[in-house]
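Here is a short briefing to read alongside the sequence and the 3D view. Take a moment to look around first, then follow the points below.

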Amino acid sequence: MCKLESSGIVRRVADSGIERLAVGDRVVTMGPGHFLTHDRLPEWACQKLQDDEELHVMTTLPLVFSTALYALHHRAHIQEGESVLIHSAAGGLGNAAIQIAQLANAEIYATVSTEEKKDYLVKTFNLKREHIFHSRDSSFQQAILAATGGRGVDIVLNSLTGDLLHDSWRVCAPWGRFIEVGKQDIVDAGKLDMEMFRRNVTFSAFDLSELSDENQPKLNRIAARFVFPSKSLFYSF
């Protein structure tokens, strides 16, 4: 089995070049690998934890926040006042994307699978109830078009598959950006309606695990920024 996130205690460091970490530090890490009792990772892929940050909690954050940051800022180039559709918004990635979109002062639309999850988004993130739709069928397509006066949304952060992916693709506004974070339709060689490109929209997909490829120094620099950004960097977008 493979893992992308982990947390633990630093047992050894390299003889030179390590500046931020020391033996005994509690850290959360991100990088592809296997479930092991000991792991070896570059310093940039590790973040020292504060005393009040628990290992089992912090290990759930790197992947979802890195994915959301990379998708919305590096691929979609989200701007203040733009509209964004976040699918499965009550999940970990959805929660991260909502917070990042709110920091960008974007107008948020979301989908969830149950009324309880809708209540959660309204209570936790103060989303507009009329901007939250059902993710299990195509009803969200017409609902979003109606809510936006037929224009659609500037950004779609998509995790739906099959026909629902195509329904999501069709709600992109002119010059919109569709960011695919799922893999099923890509692996299954799914087809895409090319007619939407007449609206100058962009379709983009990525595999976040490739950002840690040792043979990709440019991507390593990008990953160092997005995996564990400092608070000042996080708010500087």
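Of the 237 residues in this predicted model, 43% count as buried. The protein exposes about 13300 Å², and carbon and sulfur atoms supply 51% of that area.

**Overall make-up**
- You will find nine helices and nine strands in the protein.
- Among contacts with a separation of 6 or more, 61% are accounted for by residues 24 or more positions apart.

**An open sheet and its helix**
- Three strands form an open sheet in the order β1-β2-β3, and their pairing is antiparallel.
- The edges are taken by β1 and β3 (46–48), each with a single partner strand, so one side of each has no neighbour in the sheet.
- From one strand to the next, the twist averages 20 degrees.
- Three bridges join β2 and β3 in the antiparallel sense.
- To pick out a facing pair of residues, look for V28, which stands opposite Q47 in β3.
- Helix α2 (residues 62–75) packs on the sheet, where it touches β1 and β2. The direction of α2 makes about 75 degrees with that of β2.

**A nonpolar patch on the surface**
- V13, I18 and V23 make a nonpolar surface patch of about 220 Å².
- V23 belongs to the loop between β1 (2–9) and β2 (26–34).
- Is V23 buried or exposed? Its relative accessibility is 54%, so V23 counts as exposed, the cut-off for that class being over 50%.

Key:
Residues are numbered from 1 along each chain as its sequence is written. This is a predicted model: local features need pLDDT of at least 70, side-chain atom pairs count only at pLDDT 80 or more; totals for chains, interfaces and linings use all residues. Side-chain values use heavy atoms; hydrogens and water are left out. Patches are made of residues with over 30% relative accessible area and no salt bridge: like charges are joined within 9 Å, nonpolar side chains (Val, Leu, Ile, Met, Phe, Trp, Tyr) within 5 Å. Accessible areas come from the Shrake-Rupley method with a 1.4 Å probe; for residues, only the protein chains shown count as cover. A salt bridge is a side-chain nitrogen of Lys or Arg within 4 Å of a carboxyl oxygen of Asp or Glu. Helices (H or I, at least four residues) and strands (E, at least two) are DSSP runs, numbered from the N terminus. Buried means under 20% relative accessible area, exposed over 50%, partly exposed in between (1.4 Å probe, protein chains only). Two strands pair if DSSP finds at least two bridges between them. Axes are lines fitted to C-alpha atoms, for helices over the stretch in contact, and angles run from 0 to 180 degrees between N-to-C directions. Contact means heavy atoms within 4.5 Å.
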